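Here is a short tour of one protein chain. Keep the structure open beside the text and find each part as it comes up.

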Amino acid sequence: MARTDPPVKVPLVQQPLGIFGSLSAARRNIIGIIPEVATREPIVSGRTGTRWHMVTEPAAIRRILIERVDEYPKSMVTKNLLRPAIGESMFIAEGADWRWQRRTAAPVFSHRNVMNLAPIMTAAAERSAERITQAGNRAVDMAADMVRTTFDVIAEVTFSADGSFDASAVHRGLDAYVAEAGKVSILDVLGAPDWVPRPARLMASRTSVVEMHRAADEAIEARRQRGAQGIPDLLDLLMAGEDPKSGRQMNTAEMRDNLLTFIVAGHETTALTLAWSLYLCAFDPDVQDRARTEVHAVCGNAPATAEDVENLPYIRQIVDEALRLYPPGGVVSRTAQSHDQLCGTDIQPGDTVMLPIYALHRHHAHWAEPDHFRPERFADRKAIKRFTYLPFADGPRICIGASFALQEAVIILATLLGRFRFTPVQGRDPKPVMILTLRPEGGVWLEAEPVSAPSQAA
Ligand code: HEM
């Protein structure tokens, strides 16, 4: 029997907040600025310093992300925020400067290359299982463990931990940066006037960013000297890559900025997907049992591998549903460049146009029982209407790492569910809070009881 109550959610605001209300709500939780009506109406508009619109209507989303993509570049806020850490990388660049980087990096994420990197994901899943075993009867914060696990993966696939790369310097640099940047962005997204006091802007993190760039540059130079060895990692692939149109190759700074981008964009997002998936499995034991049966049938007691992924459809449905209920990128933001009309509303140049993915994924026009955990809704992918489910956005700027992330999430989730039965710790439900990404505040604390596949059980 599926659970009839919904898992944790963010209470959306019932009435438009004034500027101070919005600012103080957003300082706590940016999803707190999404009004409840955004889960019922096609567009909601307002003004908090700048004019903004939240769009959840599929045809209007298609217009923003595909048909008039050049008129809706990523918002300055996002760019200004990330530029000091990741430069003019693919995530930030626009126009020709973006296009050649995207073309150069696209083959890096081909199906074959992503499959080749799977043993690193399987090994990281095994190390996580060992840590959980070590914890014995003590509850484990699976959100923290998943951050560690996905960082292991991304550090290894970007710079292969071959001794030439100081992974902890990068980890420290990014953590310090993102913690500070998160605070700034919330005020800026809302177009707060300049006199609103900002936190001690990124000062604290500057040294860490310098240290992080140095660690990455050194690793790239070391690789140039030594050349590629064994299965190519993302650095080897990017070093060998060239823009098929112009033949241009990335220099050290361009490679560094893009590799750091992969780390920033790919590590916490995937960790959150896994943390929320585990929370949901603990929340609904029937789903968890069914998932485990699938894993044991496909993998026995072995950890999941790349070849198993396509035979684990129910695990994939759980990941898809976790990405629906708790999309790590909860809001995608653009700045309009010219006059337009969206759902009958006038859009002016300079307006902030947001796709509130969190609200889109819980929209009453698109989803039955929008707040409930129902992995089976993804059993038939064709039944999901385009532009109603956008955990990776869409159009030319769709997430380049989507298949990498999904493969990693399925391998790690399957491996852990095959080894342990997870139960929630009473009274420690996580609270969804969006700073830069949608995080489970308080952690995902679970108890883990070891299990094994039936045929091999004593
Ligand atoms: C579950 C995990 C992930 C989620 C939910 C996610 C989500 C997203 C979203 C929503 C965007 C579009 C942002 C926008 O247009 O404003 C994006 C872009 C991007 N993502 Fe991901 N991402 C994930 C994992 C990854 C991974 C693993 C990598 C790389 C290894 C990655 C690299 C990128 C890059 C480079 C872009 C910018 C692409 C461009 O502008 O051309 N992401 N991601």
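Start at the ligand. Of the 23 residues around the ligand, Gly266, Thr269, Gly329, Cys399 and Gly401 come nearest. A residue is near a molecule if its C-beta atom, placed from the backbone, lies within 6 Å of it. This is a predicted model: local features need pLDDT of at least 70, side-chain atom pairs count only at pLDDT 80 or more, and totals for chains, interfaces and linings use all residues. Residues are numbered from 1 along each chain as its sequence is written.

**Around the ligand**

Which helix gives the largest share of the shell around the ligand? Helix 11 does, with seven residues. Helix 11 (252-283) and helix 15 (402-419) each supply at least two residues of that shell. Helices (H or I, at least four residues) and strands (E, at least two) are DSSP runs, numbered from the N terminus. By class, the shell has 13 nonpolar, seven polar and three charged residues. Here Ala, Val, Leu, Ile, Met, Phe, Trp, Tyr, Cys and Pro count as nonpolar, Asp, Glu, Lys and Arg as charged, and the others, Gly among them, as polar.

**The chain as a whole**

The chain has 15 helices and eleven strands. It holds 458 residues, and 48% of them count as buried. Buried means that 20 or more other C-beta atoms lie within 10 Å of the residue's own; exposed means 12 or fewer, and partly exposed is in between, with C-beta atoms placed from the backbone. Now take contacts between residues at least 6 apart in sequence: 76% of them join residues at least 24 apart. Two residues are in contact if their C-beta atoms, placed from the backbone, lie within 7 Å.

**A mixed sheet and its helix**

Four strands form an open sheet in the order 1-2-7-4, with mixed pairing. Strand 1 and strand 4 stand at the edges, each with a single partner strand, so one side of each has no neighbour in the sheet. Neighbouring strands of this sheet are turned by 25° against each other on average, direction ignored. Helix 2 packs on the sheet and touches strand 1, strand 2, strand 4 and strand 7. The direction of helix 2 makes about 120° with that of strand 2. Axes are lines fitted to C-alpha atoms, for helices over the stretch in contact, and angles run from 0 to 180 degrees between N-to-C directions.

Which residues of helix 2 (residues 58-67) are buried? They are Ala60, Ile61, Arg63, Ile64 and Leu65. Their cover includes strand 1 (43-48), strand 2 (50-55), strand 4 (332-335), strand 5 (340-342) and strand 7 (352-355).

Look next at strand 7. Thr352 and Met354 point one way, Val353 and Leu355 the other way, and all are buried. Val353 in strand 7 has His53 opposite. Arg334 also stands opposite Val353. Trp52 stands opposite Thr352.

In strand 11, Asp141 has Trp445 as its bridge partner, and Phe422 has Ala448. Pro424 stands opposite Leu446 in strand 11.

The table lists strand pairs from both sheets. Two strands pair if DSSP finds at least two bridges between them.

| Strand pair | Sense | Bridges |
|---|---|---|
| strand 2 and strand 7 | parallel | three bridges |
| strand 4 and strand 7 | antiparallel | four bridges |
| strand 3 and strand 11 | antiparallel | two bridges |
| strand 8 and strand 11 | antiparallel | five bridges |

The buried residues of helix 4 (residues 95-105) are Trp100, Gln101, Thr104 and Ala105. They cover an arc of only 125° around the axis, which puts them on the same side of helix 4. The arc is that of the directions from the helix axis to the C-beta atoms. An α-helix has 3.6 residues a turn, so residues three or four places apart point the same way. On the other side of helix 4, Gly95 and Ala96 are exposed. The cover over the buried residues of helix 4 includes helix 10 (234-240) and helix 11.

Is Pro396 buried or exposed? Pro396 counts as exposed, because it has 12 C-beta neighbours inside 10 Å. Pro396 lies in the loop between helix 14 (357-360) and helix 15. Pro396 and Arg102 are 294 residues apart in sequence, and 9.3 Å apart in space, C-alpha to C-alpha.
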